[in-house]
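This briefing is intended for a reader who wishes to relate individual residues to the fold around them. Please consult the sequence and the structure shown here alongside the points that follow.

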Amino acid sequence: MTYRVWNGSGWNDVPVPAMDGEPLIVPNVAALVRSESGESILLQRRDKPNEPVRGKLEIPGGRWGAGESPEVAVAREVLEETGVSIIAPPELDRIDMAEYRVCAVAQGVTAVVGLEGCYPSLHVMFECVGRGRPRPQPGETADPRWWPISEVRELLERQPDSFVDQTRAMLTTYFGISVATI
């Protein structure tokens, strides 16, 4: 099975992981990190060399590791990418089921499936609260900072191409901005 991947200048068909012949999607967590006041959210710029989205705004996030709960995955990704600590993680219920032991149930805010792009992916955005002074992770992220929500909404409406596509999709859904205006 192949997947269309953008390499920065054109599309290539690349093989994707499969299980029993069925192609797999890579799960990702995305964090809508609110400031303690609730008036700002954390955004950063992509800074991976040779990426077509380098310099675009995104919310923190990344691959969701096997065995990680949503709260652990979100806290790990936010800390790795920005240095901000999560002080109020996504709400999580644990259900003890005899067959499966424990299932973690968290309500994601939005979900975006990458149909074409870097790799087949599912991005689930969780809302949480963070504290700290953001710092960049060179070669990964640049210019992480707290953005007033009003500025984020305005930028989404006036310059939607300023955002990585998945972030734009998640934030427009979250803020109720019509996709038709993008």
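Predicted model: local features only at pLDDT ≥ 70, side-chain atom pairs only at ≥ 80, totals over all residues.

R168 is buried, because its relative accessible area of 17% lies under the 20% cut-off. This arginine belongs to helix α3, which spans residues 165-175.

**Overall architecture**

- The protein chain contains three helices and 14 strands.
- Of its 182 residues, 37% count as buried.
- Among contacts in the protein chain with a separation of 6 or more, 61% join residues 24 or more positions apart.
- The accessible surface of the protein chain amounts to about 10300 Å², and carbon and sulfur atoms account for 51% of this area.

**Helix α3 and R168**

- The buried residues of α3 are T167, R168, M170, L171, T172 and F175.
- A polar atom of the R168 side chain lies 3.5 Å from the backbone oxygen of P160.
- Helix α3 is followed by G176, which has a positive phi near 70°.
- An α-helix has 3.6 residues a turn, so residues three or four places apart point the same way.

**Nonpolar cores**

- In soluble globular proteins, nonpolar side chains tend to be buried together.
- The largest nonpolar core has 17 residues, of which I41, L43, V152, F163, L171 and F175 touch the most other members.
- At least two residues of this core come from each of β5 (26-34), β6, α2 (149-158) and α3.
- Helix α2 provides the largest share of this core, with four residues.
- Another core, of twelve residues, lies apart from it and includes L42, I86, V124 and F126.
- Beyond its neighbours within four places in sequence, F175 is in contact with I41, I149, V152, R153 and L156.

- D47 counts as buried because its relative accessibility of 16% is under 20%.
- The D47 side chain makes a polar contact with the side chain of R54, at 3.0 Å.
- A polar atom of the D47 side chain also lies 3.3 Å from the backbone nitrogen of G139.
- D47 and E140 are separated by 93 residues in sequence, yet their C-alpha atoms are 4.8 Å apart in space.
- When residues up to four places away in sequence are not counted, D47 touches R54, P138, G139, E140, T141 and A142.

**T141 in strand β14**

- T141, one of the residues that D47 touches, is located in strand β14, residues 141-148.
- Is T141 buried or exposed? T141 is buried, because its relative accessible area of 1% is under 20%.
- The side chain of T141 reaches the backbone oxygen of E81 at 2.8 Å.
- Residues up to four places away in sequence aside, T141 touches Q44, R45, D47, E58, E81 and P136.

**Summary of the polar side chains**

- The buried residue R168 has a side-chain polar atom 3.5 Å from a backbone oxygen, that of P160.
- The buried residue D47 has side-chain polar atoms that pair with the side chain of R54 and with the backbone nitrogen of G139.
- The buried residue T141 directs its side chain to a backbone oxygen, that of E81.

Terms used: Residues numbered from 1 in each chain as written. Heavy atoms only, no water. Buried < 20%, exposed > 50% of the residue type's maximum accessible area, 1.4 Å probe, protein only. Polar contact = N/O pair within 3.5 Å; in protein donor to acceptor, adjacent residues only side chain to side chain. Contact = heavy atoms within 4.5 Å. Areas by Shrake-Rupley, 256 points an atom, 1.4 Å probe, with all protein chains shown as cover. Core = buried A, V, L, I, M, F, W, Y, C linked by side-chain atoms within 4.5 Å.
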